[in-house]
Amino acid sequence: MRTWLPLPHTSLLLLVVWLLLNQTLAPGHLLLGSVLALLIPLLTMRLRNPQPSIKRPIKALLYLFLVLWDILVANMQVARLMLRPRLQLRPAFVEVPLDITQGFPITVLASTISLTPGTVSADVSADQSRLLLHVLDLEDEAQLIATIKRRYEARLREIFEC
Amino acid sequence: MPFWFELIVSFFLLGGGAFILLGSFGLVRLPDFYTRLHAPTKATTLGMWGLLVGALLLSSWNSGMLNPHHLLIAVFLLLTTPVSSYILAKSALHHRLDWGTQTRGQEQAKRYMDDH
Amino acid sequence: MLSWVIPLVFAMLCLAMMLNLWSLCTRSSLPDRILALDTLYINSSALIIMFGVWKVTALYFEAALLIALLGFVSTVAVCKYLLRGDIIE
């Protein structure tokens with residue numbers, strides 16, 4: 001027996017986005033938004049493939065703030081590197097072995113790496129066990145890998161409990 | 001509108017414009033594709049956020065209530081920029097695009113060229 | 001103060017778009033040009049947001065959102081084509 005509300009978080013997100021797009025809290029829009037928020041998950045549920053969900057919402061929120069702060073730091077660093085009168089870059093490809101396994105956590109990790117200082121994720125190996133990064137200015141490969149594993153991957157493992 | 005509010009909005013707008021300009025400047029200046037990828041991914045995202053926060057503050061002040069719909073674009077960019085940079089890097093690897101000769105770890109990258 | 005800040009930001013964005021156009025026209029490889037086009041998309045959406053700020057209206061916000069959305073979808077579609085020679089398999 002299927003329930004009427006299979007994905008409560010998705011429904012809430014759809015309703016909030018609908019209200020933001022229309023910039024209103026009028027009852028008509030609330031009603032229409034609620035109907036859409038109920039219908040869309042029911043119609044698209046079969047297209048989903050199961051992914052681990054966020055088990056620790058507060059830690060996820062803290063992780064978001066950490067990433068936002070790191071984006072600021074990343075931009076200062078990129079600006080400093082690019083505005084030098086003579087470019088002095090030490091570009092490199094680095095391979096990071098992954099401890100997390102499923103698709104969604106790996107996607108979050110790769111996106112985080114792309115937005116944070118000095119690194120862009122370039123590829124995932126076919127068996128999803130290693131991640132290829134491009135680094136703009138590499139000092140020490142082992143230190144970079146340790147930082148990524150400690151700062152981001154360990155936290156993601158806690159958040160998704162995997 | 002008081003002066004301090006204009007000052008805050010100007011700070012966000014100018015910061016946003018400066019980072020967007022920096023991203024495009026890096027696109028022209030940096031030496032090879034993989035390093036060029038860094039500039040728009042990071043600087044343009046932060047620049048857009050600066051502009052959006054400035055626009056949000058200004059429109060909220062003008063209408064007298066908080067209207068946070070500009071945050072939709074900010075969240076959208078946060079989710080999509082890493083994805084497009086990832087798929088660009090992947091297609092560049094697939095096309096065997098040149099990297100600068102002093103790039104380290106070239107053997108590791110070569111292993112990824114054929115599996116996708 | 002905003003009366004000169006807003007034109008200054010417009011000038012910065014236009015300069016950024018000119019640099020993108022230069023990059024789009026002179027680069028030799030396809031991924032390079034796609035990257036320039038993607039940045040051009042985001043910058044034009046920034047320009048539209050600034051236009052909305054200048055005219056004090058929320059009407060242009062949806063245009064900016066749509067352009068950002070189309071930019072992402074087209075970048076991914078073209079890259080997918082480069083990777084596999086096909087978009088929907």
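Begin by selecting helix α3 of chain A together with helix α3 (residues 38–63) of chain B, which pack at an angle of about 120° with their axes 9 Å apart. Show side chains where the two helices meet (contact means heavy atoms within 4.5 Å): the residues include A:Leu68, A:Ile71, A:Asn75 and A:Met82 from α3(A), and B:Lys42, B:Leu46 and B:Trp49 from α3(B).

This is a predicted model, in which local features need pLDDT of at least 70 and side-chain atom pairs count only at pLDDT 80 or more, while totals for chains, interfaces and linings use all residues. Residues are numbered from 1 along each chain as its sequence is written, chains are lettered from A and ligands numbered from 1 in the order in which they are written, and side-chain values use heavy atoms, with hydrogens and water left out.

Staying on α3 of chain A (residues 57–82), select A:Asp70, which is buried at a relative accessible area of 4% (buried means under 20%, with a 1.4 Å probe and protein chains only). Beyond its neighbours within four places in sequence, A:Asp70 is in contact with A:Thr116, A:Pro117, A:Arg151 and A:Tyr152.

Finally, go to C:Gly71 in helix α3 (residues 60–84) of chain C, where the relative accessible area is 1% and the residue is likewise buried. Leaving out residues up to four places away in sequence, C:Gly71 touches C:Asp38 and C:Tyr41.

Conventions:
Helix = DSSP H or I, 4+ residues; strand = E, 2+ residues; numbered from the N terminus. Buried < 20%, exposed > 50% of the residue type's maximum accessible area, 1.4 Å probe, protein only. Axes fitted to C-alpha atoms, helices over the stretch in contact; angles between N-to-C directions.
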